[in-house]
Amino acid sequence: MDLITPGLGLVFWTVITFLFLLFILTKFAWKPILGAVNEREDSIKNALLEADKARQEMEDLKSDNQKILKEARAERDAMLKEAHDIKEKIISEAKEQAKEQANKLVEQAKATIENEKLNAITDLKNQVAALSIDIAEKVVKEQLSNREKQDKLVESMLNEVNLN
Amino acid sequence: MQINTLRIFLLALLCSVSFDAFASNEEDSSGEKFDPKAMIMHHVKDAHGFHLWDWNGHPVSISLPIILWTDNGLTTFMSSEFHHDFEGKHIVEKDGQKFVNYHEKIYQLKEGETTIAFDEEHHPINATQPLNFSITKNVFMMWVSVVVLLLIFVSTSRRYKKSENYVPKGIAKFTEPLIVFVRDEIAKPMIGEKKYKRFMPFLLTVFFFIWINNIFGLIPIINGANVSGNIAFTLTLAVFTFLITLFSGNKNYWKHIFWMPGVAVPMKIFLMPIEIVGMFVKPISLMIRLFANITAGHIIILSLMSLIFIFESIAVAPVSVGFSLFISIIEIVVTAIQAYIFTVLSALYFGMATEEDHH
């Protein structure tokens with residue numbers, strides 16, 4: 001029976017000791033420890049969330065990069081195509097122009113040649129005329145030196161005129 | 001710095017009790033017949049003095065202060081003044097008052113009496129029992145356990161540094177999982193995420209206080225001070241749980257006790273006394289469970305050891321030692337389990353008291 005009768009002294013000291021222990025441990029152990037554990041758990045949670053966010057951002061950035069790259073590629077292709085077209089155009093234009101120029105030159109040359117030819121012909125005609133006059137003069141001078149020959153010439157000339 | 005203060009406190013505690021080794025003992029007990037029941041009861045119960053071992057027939061013990069509240073006020077003296085007598089034979093006289101120690105109970109003899117006498121029911125007929133606030137073996141061990149707990153947990157709390165992201169180091173690596181266990185496996189599931197924080201200090205303190213006293217009870221050299229197997233100790237802790245439950249009980253809790261919702265009126269009337277009894281039975285079960293489990297463990301080990309002396313044969317010793325080793329190992333598990341159960345049930349009662357109405 002003695003075993004299950006609580007002794008007053010021990011109850012008294014247990015109350016005091018327990019309250020003391022509760023107070024001191026709460027103040028100097030449980031609060032700082034639980035605070036530290038909570039703080040750490042929060043910081044780990046935040047860090048994980050932030051890592052997730054960063055990964056998401058990275059993903060976004062990566063897809064952005066992909067998009068930019070794609071756009072850049074398309075732009076490059078377009079530019080190349082444009083350049084190619086311009087080149088073609090320039091070449092064809094140049095060809096056209098060259099052709100025109102050449103034609104013009106040829107035309108001009110032809111005209112010049114024609115002119116020169118006409119000039120030459122005129123010149124030749126004049127010279128032939130002069131020469132003919134000269135010849136005619138000399139022939140006439142000689143022919144007209146005797147009567148006979150004068151008659152002959154007149155005759156032949158007249159014949160000639162008739163032939164014409 | 002905190003640690004140093006604690007060390008000084010521990011030293012002061014040790015110095016406050018005088019060490020009287022080789023104190024003389026008048027009677028030689030070798031001729032007496034061995035009484036296992038007396039021996040076991042003597043070991044399981046509290047004592048005014050710390051008997052360590054016998055040396056050449058003389059007991060070696062730490063004497064502890066005896067503090068009595070008599071009709072004349074406070075009386076104090078060291079337990080060594082009884083000269084290891086607990087048969088009520090040695091009389092200590094203080095301020096004209098005579099005290100005897102009879103089976104670790106201090107009696108004050110009435111005027112003119114020289115020896116204590118008992119009637120058939122074992123009540124003293126010529127002595128009274130003064131109020132006894134002595135620093136007994138259990139109180140002393142309880143204080144030692146407090147010092148150890150403070151050393152462990154205050155130094156744990158100093159291991160956390162903000163600059164190191166509160167990463168546990170040193171002793172905190174060992175203690176943090178225990179604290180987190182109490183939080184995550186006891187407080188949170190029993191009380192709930194929202195309200196558990198309020199009860200954490202109490203639950204942690206109770207858990208570690210019971211556990212460490214259970215463990216100290218198993219150490220033979222300090223004579224198995226049976227603190228957590230003493231009904232006064234378990235009673236006090238159970239009363240704390242009871243009071244906290246009462247004071248944190250919300251409207252819903254009281255409604256469930258006095259006017260159970262959701263049942264017919266006759267049933268409500270029928271349930272009310274049951275619920276009221278249940279209110280008291282819960283802490284009483286806490287008290288008895290811890291006391292009985294720890295005391296039973298002590299009794300089993302002591303009984304096994306007693307077998308050697310009952311059979312008076314050394315051949316029994318290996319069996320006794322083997323069995324008590326086996327029981328001791330189980331007891332090591334029991335120390336933690338009982339601390340856990342006490343804490344879990346306390347938390348459960350707090351959870352019931354603070355549960356919100358969800359009908």
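Residues are numbered from 1 along each chain as its sequence is written, and chains are lettered from A, with ligands numbered from 1, in the order in which they are written. Because the model is predicted, local features need pLDDT of at least 70 and side-chain atom pairs count only at pLDDT 80 or more, while totals for chains, interfaces and linings use all residues.

**Chain A**

UniProt, in an unreviewed entry, places a transmembrane region at residues 6-25 of chain A. That span is 90% helix and 0% strand, and its end C-alpha atoms lie 26 Å apart. The unreviewed entry also lists a coiled-coil region at residues 37-119 of chain A. Residues 37-119 of chain A are 100% helix and 0% strand, with the end C-alpha atoms 117 Å apart. UniProt positions are in the numbering used here, feature names are shortened, and annotations may be inferred rather than shown by experiment.

**Chain B**

Chain B has 9 helices and 10 strands; helices (H or I, at least four residues) and strands (E, at least two) are DSSP runs numbered from the N terminus. Of its 359 residues, 34% count as buried. A residue is buried if 20 or more other C-beta atoms lie within 10 Å of its own, exposed if 12 or fewer, and partly exposed in between, with C-beta atoms placed from the backbone. Among contacts in chain B with a separation of 6 or more, 60% come from residues 24 or more positions apart; two residues are in contact if their C-beta atoms, placed from the backbone, lie within 7 Å.

| Helix pair | Axis separation | Angle |
|---|---|---|
| H3(B) and H5(B) | 10 Å | about 120° |
| H6(B) and H8(B) | within 8 Å | roughly 150° |

Axes are lines fitted to C-alpha atoms, for helices over the stretch in contact, and angles run from 0 to 180 degrees between N-to-C directions. Angles under 35 degrees count as roughly parallel, over 145 as roughly antiparallel, 65 to 115 as roughly perpendicular and the rest as oblique. H3(B) and H5(B) are therefore oblique to each other. Their contact includes Met141(B) and Val148(B) of H3(B) and Phe208(B) and Phe216(B) of H5(B). By class it has 8 nonpolar, 2 polar and no charged residues. Here Ala, Val, Leu, Ile, Met, Phe, Trp, Tyr, Cys and Pro count as nonpolar, Asp, Glu, Lys and Arg as charged, and the others, Gly among them, as polar.

H6(B) and H8(B) are, on their angle, therefore roughly antiparallel to each other. Among the residues that meet are Leu235(B) and Phe242(B) in H6(B) and Leu286(B) and Phe291(B) in H8(B). This contact divides into 11 nonpolar, 2 polar and no charged residues.

Helix H8 of chain B (residues 265-311) also holds Ile269(B). Ile269(B) counts as exposed because it has 11 C-beta neighbours inside 10 Å. Its C-alpha atom is 8.2 Å from that of Phe258(B), 11 residues away along the chain.

**Contact between the chains**

The contact takes 40 residues from chain B and 31 residues from chain A. On the chain B side, helix H2 (36-44), strand S10 (131-132), H3, helix H4 (171-191), H5 and helix H6 (231-248) each supply at least two residues. H3(B) gives the most, with 11 residues. The side of chain B that touches chain A divides into 27 nonpolar, 10 polar and 3 charged residues.
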